[in-house]
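Please examine the structure below before reading on.

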Amino acid sequence: MSPISSSQPITFTLSGVRRGFQNCLPLGLSVFAYGLVFGILAVQTGMSTAQAGAMSLSTFAGASQLMVLEFWGPTLPFLGIVLTTFIVNLRHVLMGAALRDWLIALPPWKAYGTLFFMTDESWALSMREMGSGGRDAAFLLGAGLCIYVFWFSATILGASSGFFLGTAMSDPARWGLDFAFTAVFISLLIFFWKGRQDLPVWLVAAAAAWLGWAMLPGKWYILCGGLAGGLYGAWRHGR
């Protein structure tokens, strides 16, 4: 990925928001599918539609929200929820660092406000935009807002599906919706594939993630894969 030239100022425009939103629409539709799954499972776990919607609006972290459902009950293990959410989202440290060229050029309120809406999908699109020379950091915000709208809408529809459809949607696997989450992440890999020279980095990341999954509890394997792949890629780049 070629770095952004220092002679090109970073901008933050409404047209950037619009372009990011439009570019993210296909991924938004995919997110809608597993947003439905979250809404359905949230109600089955004991949440009300309003609680599920409020979580999607305030937390906006699909993987973490799905994991929190495992803890949901009359007594909430607050520390366990916080720790699990922290571990699952540690990858955002690496993701934010990768967007440094954009973010350090923005006032703090714009940078941190935009980062609230950063997801795996909007990050992947923004990395491609930045790598192709894009300099409008509002692209990240627009892509994130697209995911936000689809995620919240799907949560509400999924959570209220029992009212409109009875038990027809009670088992998301019957409709193949349980695979939507995996399918989105597989499709994201397409954005980063530049050729066979990338294969060693991918293999190192996959091997480290597999070892982490086999040897460590929880979701530490996500961070293991990200760190190993990133460090190996940096080492190859610096040789």
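In this predicted model, helix α2 passes helix α10 in a right-handed crossing. Two packed helices are described by the angle between their axes and by the distance between those axes. Here α2 covers residues 25-45 and α10 covers residues 138-159; the angle of packing is about 35°, and the axes lie 7 Å apart. Sorted by class, the residues in the contact of α2 with α10 are 17 nonpolar and six polar, and no charged residue takes part.

The largest nonpolar core has 40 residues. The elements that supply two or more residues to this core are α2, α3, α7 (100-103), α9 (120-131) and α10. Which of them gives the most? That element is α10, with eleven residues. Within the core, the residues with the most contacts are C24, F38, L99, W102 and W123. The surroundings of C24 can be followed one by one: when its neighbours within four places in sequence are left aside, C24 is in contact with L125, A143, C146 and I147.

The protein chain contains 14 helices and zero strands, and reading along the sequence accordingly gives one α after another, in the pattern α-α-α-α-α-α-α-α-α-α-α-α-α-α. The protein chain has 239 residues, of which 39% count as buried. Contacts between residues at least 6 apart in sequence show how the chain is brought together: 78% of them join residues at least 24 apart.

Q8 lies in the segment before α1 (14-23). Is Q8 buried, partly exposed or exposed? Its relative accessibility is 31%, and Q8 therefore counts as partly exposed. Although Q8 and G133 are 125 residues apart along the chain, their C-alpha atoms are separated by 9.3 Å. Apart from neighbours within four places in sequence, Q8 is in contact with G133 and R135.

Returning to helix α2, the reader will find I40 there. I40 counts as buried because its relative accessibility is 4%, below the limit of 20%. A52 is twelve residues away from I40 in sequence, and the distance between the two C-alpha atoms is 9.4 Å.

The loop between α3 (49-58) and α4 (62-68) contains F60.

Helix α13 itself holds A207. A207 counts as partly exposed because its relative accessibility is 39%. Its C-alpha atom is separated by 7.4 Å from that of G225, a residue 18 residues away along the chain.

Notes:
Residues numbered from 1 in each chain as written. Predicted model: local features only at pLDDT ≥ 70, side-chain atom pairs only at ≥ 80, totals over all residues. Heavy atoms only, no water. Helix = DSSP H or I, 4+ residues; strand = E, 2+ residues; numbered from the N terminus. Buried < 20%, exposed > 50% of the residue type's maximum accessible area, 1.4 Å probe, protein only. Contact = heavy atoms within 4.5 Å. Axes fitted to C-alpha atoms, helices over the stretch in contact; angles between N-to-C directions. Left-handed = near helix turned anticlockwise from the far one by under 90°. Nonpolar A, V, L, I, M, F, W, Y, C, P; charged D, E, K, R; others polar. Core = buried A, V, L, I, M, F, W, Y, C linked by side-chain atoms within 4.5 Å.
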